[in-house]
Amino acid sequence: MTPRTYYDVESNEGRPTFTPAGIRPSKASQRVNRVIAHAFKTMGHPFDDGSHLPVRRYIARMKLTTPQLAMLARNLCSHDAGRYPIPADDDHCERYGCSYRKYRRVVFYAHRAALSLLVETPPQSRLDLDDLSEILMAWPGALPQETQADVASVIGAHVADTIAGRPFKRRALVARGGAR
């Protein structure tokens, strides 16, 4: 079987923890909450293209494995996604004392930070590339603008290789430290 970098089938991090005191959130969920809390603490308002950089540094200090980073990006992307109309009274908004729109904006930049780190890890197989493409397309525009063209050209080259029947070439989507 082909090794997978972006997905770990044996990971229990996405499952809630059962304790004598009750059910606790999963490790992945706790990590998402820590990243969002840090984002609220460090991000200034108004938001700009560099708003994700303090959160990027925080996530990098967490020393996550690639599957953990991919799970973080997936969870941030789907965090409160698809809740329309915008809820007037939301527990996240109460916790951080902000509007729902501001909350979504902070989550967007936290997701951007996770993505900017994730694209520095080269896919090991076509399965990894499929996982990564799914994560990248889940929230359009979340990848930092300065890296979008590089990522699109490398993914396009992978697709062209697949269509032409050429073997998979392991190459990073952006150079390490290139996605800021």
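Mentor: The discussion below turns to the core and then to one helix. The model is predicted: local features need pLDDT of at least 70, side-chain atom pairs count only at pLDDT 80 or more, and totals for chains, interfaces and linings use all residues. Residues are numbered from 1 along each chain as its sequence is written, and side-chain values use heavy atoms, with hydrogens and water left out.

Trainee: Which residues touch the most other members of the largest nonpolar core?

Mentor: In soluble globular proteins, nonpolar side chains tend to be buried together. A nonpolar core is a set of buried Ala, Val, Leu, Ile, Met, Phe, Trp, Tyr and Cys residues joined through side-chain atoms within 4.5 Å; buried means under 20% relative accessible area, exposed over 50%, partly exposed in between (1.4 Å probe, protein chains only). Here the largest core has 41 residues, and V35, I59 and L136 touch the most other members. Its largest share, 11 residues, comes from α5. Helices (H or I, at least four residues) are DSSP runs, numbered from the N terminus.

Trainee: Which residues of α7 are buried?

Mentor: They are T147, V151, V154, I155, H158 and D161. These residues lie on the same side of α7 because they cover an arc of only 110° around the axis, the arc being that of the directions from the helix axis to the C-beta atoms. On the other side of α7, Q145, A149, A152 and I163 are exposed.

Trainee: What takes a positive phi just after α7?

Mentor: G165 does, with a phi of about 80°.

Terms used:
Helix = DSSP H or I, 4+ residues; strand = E, 2+ residues; numbered from the N terminus.
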